Amino acid sequence: WRDCGLRKENVDVFVSHRSPRAKSQKKQATINVNYSSDFPAEAEEAYERAVSIWEAHLESNVEIRIDAGRIPDPESNVLGGTIPSNFWVIETDGGDRFIAGDALADALVGSDVGEENLPEDNPEQDVNPPDMETDFNFDRDDWHFGEGDAPSGQTDFTTVALHEIAHGLHYLSLCSYEQGAGECTFELSDGSREAGIYTDFLFEQSDGNLTVLSNEEAFPPNSQDLGDALTG
């Protein structure tokens, strides 16, 4: 998750299509950000623009809390990385179960799942735990923090912040790959296996047919078939 695969290539990949109506759209969610002490002020302004865009497009009655900071000693081409603070098993009224990150779980349940499940025996527990942590590579010298389009050769920080917050909202695959074998579900304490909700929308296409990657009959856990599907 450290860089989430979002890396700067030697091309101008970010093109602005910002809607002039974004500022006037009705706010449907509340996002509060806790910035680290070494987070640049101009980056905060650019980050807040990304926050306001997400607030207009999300629907949740539970506050979304974000910790935003700096990646220590990043690789030179890394832009940023994000991960939800926790993952929770959600069960629907219809009996379906899946894994969701903090912010998504809160929105679906209608209450702060992380805060409700704080360990009672931890005297240093965070009474307002963040839903996600977003970190950025501020060792770079090609960030564009302004409101307008990024000049050629620079990377628009607001665009990258939008992308990273999306991962914290669980636009995030929990599949893994190691030595040819793939994994897209997790074994829970009751012995059942569940997939992340985003994974239920990932498919392999073969001969015109689509097979969801979380289908364990087609793709057994820790199998080469799933490894091939993830890399083919």
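**Entry 1. Disulfides**

I searched the whole structure, a predicted model, for disulfides, taken as pairs of cysteine sulfur atoms within 2.5 Å, and the search found one. I noted that this disulfide joins C175 to C184, with an S to S distance of 2.0 Å. I then looked up the angle about the S-S bond of C175 and C184, which is 110 degrees, and recorded the link as right-handed. I checked burial next, where buried means under 20% relative accessible area, exposed means over 50% and partly exposed lies in between, with a 1.4 Å probe and protein chains only. Both C175 and C184 are buried.

**Entry 2. Basis of the values**

I record that residues are numbered from 1 along each chain as its sequence is written, and that side-chain values use heavy atoms, with hydrogens and water left out. In this predicted model, local features need pLDDT of at least 70 and side-chain atom pairs count only at pLDDT 80 or more, while totals for chains, interfaces and linings use all residues.

**Entry 3. The nonpolar cores**

I looked up nonpolar cores, defined as sets of buried Ala, Val, Leu, Ile, Met, Phe, Trp, Tyr and Cys residues joined through side-chain atoms within 4.5 Å. The largest has 28 residues, of which F39, Y47, F157 and I165 touch the most other members. Helices (H or I, at least four residues) and strands (E, at least two) are DSSP runs, numbered from the N terminus. The elements that give two or more residues to this core are β1 (31-35), α1 (41-57), β2 (64-70), β6 (132-136) and α4. I found that α1 supplies the largest share, six residues. Apart from this core lies another, of seven residues, among them W88, F98, A100 and I197.

I then listed contacts (heavy atoms within 4.5 Å) of F157, leaving aside neighbours within four places in sequence; the partners include F39, Y47, F136, W143 and F145.

**Entry 4. Loop residues**

I looked for positive phi values in residues other than glycine, and H170 has one near 80 degrees. H170 is placed in the loop between α4 (157-168) and β9 (176-178). H170 counts as buried because its relative accessibility is 3%.

D207 also has a positive phi, near 55 degrees, and lies in the loop between β13 (203-206) and β14 (209-212). D207 counts as exposed because its relative accessibility is 78%.

Lastly, I examined S214, in the loop between β14 and α5 (224-231). S214 has a relative accessible area of 16% and is therefore buried. Not counting residues up to four places away in sequence, S214 touches T185, A195, T199 and D200.
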